[in-house]
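Could you walk me through this structure in my viewer, one selection at a time? I would like to know what to click on next and what I will find there.

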Amino acid sequence: ISGELLELYVGPGADDSFAWLPGELSPELGSFCGRYLSGLKEGQTAEVNPGIAEWFATLDQKLLSGFVISVDYGAGSAELYDDPRFDGTLRGYRKHQFVEDILSEPGAYDLTSTINWNYVQAEGEKYGFAVEELIRLDRFLIQIGLPQELERQFTHALSDVERVQLTTAAREMILPGGMAESFQVMVQKR
């Protein structure tokens with residue numbers, strides 16, 4: 001509204017339904033928005049996950065050295081907040097089907113949004129976790145030897161049912177058009 005950033009809350013709407021209610025931006029989102037959402041246009045919606053900062057603070061206390069491997073579907077800030085995603089990326093699914101109105105049946109849907117890889121990288125770097133790689137999941141699985149492992153398991157499978165299960169799983173994970181094409185893997189090392 002007139003260049004002011006607002007936060008959307010869920011609250012009571014008409015006819016005992018839930019609705020999105022714009023309200024004052026909470027203090028914890030102020031610095032995030034300044035760093036990552038400065039280019040938003042009037043009326044644009046964007047999802048944020050400030051919990052990533054807390055997650056890295058916890059990792060800092062528990063992991064002296066090693067790797068953090070994050071698997072999710074995501075994009076960089078520029079891709080996330082440009083015009084094609086004007087209405088944000090929040091979506092709901094029920095039994096693998098897209099849900100049009102995510103507020104219609106609270107608790108009945110799985111809700112998700114696209115992760116901001118630039119934010120994950122920046123928060124990791126604050127604690128010394130440098131990005132080693134950001135790659136599509138299917139390519140990552142091929143790179144680490146999944147086809148060879150599947151071949152080994154296929155050879156040792158005890159039944160045709162096991163072989164079919166392995167083949168089906170492989171199709172989704174590494175073949176073109178499979179589920180893993182939509183996911184990325186970020187590898188960070190400290």
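Keep in mind as you go that the model is predicted.

**Stop 1: a pair of rings.** A pair of aromatic rings is described by the distance of the centres and the angle of the planes. By the ring-centre rule, with its limit of 6.5 Å, the model has five aromatic pairs. Is Phe-56 buried or exposed? Phe-56 has 0% relative accessibility, so it counts as buried. Trp-55, at 39%, counts as partly exposed.

**Stop 2: another pair.** Now pick Tyr-93 and Phe-98. Their ring centres lie 6.1 Å apart with the planes at 75°; an angle over 60 degrees counts as edge-to-face, so this pair is edge-to-face. Tyr-93 is partly exposed, with a relative accessibility of 30%.

**Stop 3: a charge over a ring.** Select Arg-163 together with Phe-154. Arg-163 sits over the face of the Phe-154 ring, 5.9 Å from its centre.

**Stop 4: the surface patch.** Finally, select Leu-8, Val-10, Phe-18, Trp-20, Leu-90 and Leu-111, which make a nonpolar surface patch of about 560 Å². Strands β1 (6–12) and β2 (18–24) each contribute at least two residues to this nonpolar patch. Click on Trp-20, which belongs to strand β2; with a relative accessible area of 40%, Trp-20 is partly exposed.

Key:
Residues are numbered from 1 along each chain as its sequence is written. This is a predicted model: local features need pLDDT of at least 70, side-chain atom pairs count only at pLDDT 80 or more; totals for chains, interfaces and linings use all residues. Side-chain values use heavy atoms; hydrogens and water are left out. Rings of Phe, Tyr and Trp (its six-membered ring) pair if their centres lie within 6.5 Å; planes under 30 degrees apart count as stacked, over 60 as edge-to-face and the rest as tilted. Buried means under 20% relative accessible area, exposed over 50%, partly exposed in between (1.4 Å probe, protein chains only). A charge sits over a ring if NZ of Lys or CZ of Arg is within 6 Å of the ring centre and within 35 degrees of the ring normal. Patches are made of residues with over 30% relative accessible area and no salt bridge: like charges are joined within 9 Å, nonpolar side chains (Val, Leu, Ile, Met, Phe, Trp, Tyr) within 5 Å. Accessible areas come from the Shrake-Rupley method with a 1.4 Å probe; for residues, only the protein chains shown count as cover. A salt bridge is a side-chain nitrogen of Lys or Arg within 4 Å of a carboxyl oxygen of Asp or Glu. Helices (H or I, at least four residues) and strands (E, at least two) are DSSP runs, numbered from the N terminus.
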